[in-house]
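Got a model open and wondering what the labels on it rest on? Let's go through them one by one.

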Amino acid sequence: MKRLFDIVISMAALVLLAPLIGALMVWIVIDSPGPALFRQIRIGRKGAPFAIYKLRSMISDAEARGGYSTQACDPRITRAGAFVRRTSLDELPQLFNVLRGDMSLVGPRPDTPMQKSNYAPEDWRRRHNVRPGVTGLAQARLRSSATSEQRLALDLDYAANASLRRDIAILFETLRMLFSRETV
């Protein structure tokens with residue numbers, strides 16, 4: 001049932017948001033040279049790698065110029081990128097990942113392969129028993145202010161207690177957080 005929900009909602013969202021996604025892609029390309037989409041390998045359910053898609057928010061060679069983590073005033077972030085990050089619109093292309101089955105609408109945010117060293121082996125395994133999500137419990141509750149310990153606790157809670165009903169509640173919490181303009 002969860003997979004059917006993911007497919008129906010992501011398809012409807014892509015149809016409704018296609019003009020916005022297209023306009024943002026044009027702005028990104030005009031704002032700085034390079035492709036509008038950013039592709040990166042992430043870890044999915046059962047540890048399977050997949051390519052995640054996002055609207056590019058940094059200069060095209062950002063990974064070569066800096067580390068994995070970004071700061072609020074990172075000079076690699078473009079003007080268009082600052083906007084899509086602040087509004088979380090950079091995540092919209094992940095709806096394609098949901099359609100492909102790499103991700104779910106709700107689940108722990110997908111890690112990069114190098115983040116595995118940040119976890120105890122059992123926590124890594126438990127966290128990846130479910131598909132990663134476009135949003136998750138940590139994003140709905142704490143947005144980007146969560147510490148790594150808080151994020152892990154919420155991700156493990158979600159993985160142990162995932163349900164369609166809970167997903168719907170988390171989606172509404174996420175929307176409330178986004179539209180309340182809280183910048184935590």
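Helices here are DSSP runs of H or I with at least four residues, strands are E runs of at least two, and both are numbered from the N terminus. Bear in mind that this is a predicted model.

Q: Where does Asp90 lie in that scheme?
A: Asp90 sits in the loop between helix 3 and helix 4.

Q: What makes Asp90 count as buried?
A: Its relative accessibility is 6%, and buried means under 20%. So Asp90 counts as buried. Setting aside neighbours within four places in sequence, Asp90 touches Lys54, Leu55, Val84 and Arg85.

Q: Why is the pair of Trp27 and Phe83 called tilted?
A: A search of the whole structure turns up two aromatic pairs. For Trp27 and Phe83, the ring centres are 5.6 Å apart, and the cut-off for a pair is within 6.5 Å. Their planes make 55 degrees; stacked would need under 30 and edge-to-face over 60. That leaves tilted, so that's the label.

Q: What does this pair tie together?
A: Trp27 is in helix 1 and Phe83 is in helix 3, so the pair links parts 56 residues apart in sequence.

Q: Why are Trp27 and Phe83 called partly exposed?
A: Trp27 has a relative accessible area of 34% and Phe83 comes in at 29%. Buried is under 20% and exposed is over 50%, with partly exposed in between. So both residues get the in-between label.

Q: Which residues of helix 7 are buried, and what do they pack against?
A: The buried ones are Leu152, Leu154, Asp155, Leu156, Tyr158 and Ala159. They pack against helix 1, strand 3, helix 5, helix 6 and helix 8.

Technical notes. Residues numbered from 1 in each chain as written. Predicted model: local features only at pLDDT ≥ 70, side-chain atom pairs only at ≥ 80, totals over all residues. Heavy atoms only, no water. Phe/Tyr/Trp six-rings, centres within 6.5 Å; stacked < 30°, edge-to-face > 60°. Buried < 20%, exposed > 50% of the residue type's maximum accessible area, 1.4 Å probe, protein only. Contact = heavy atoms within 4.5 Å.
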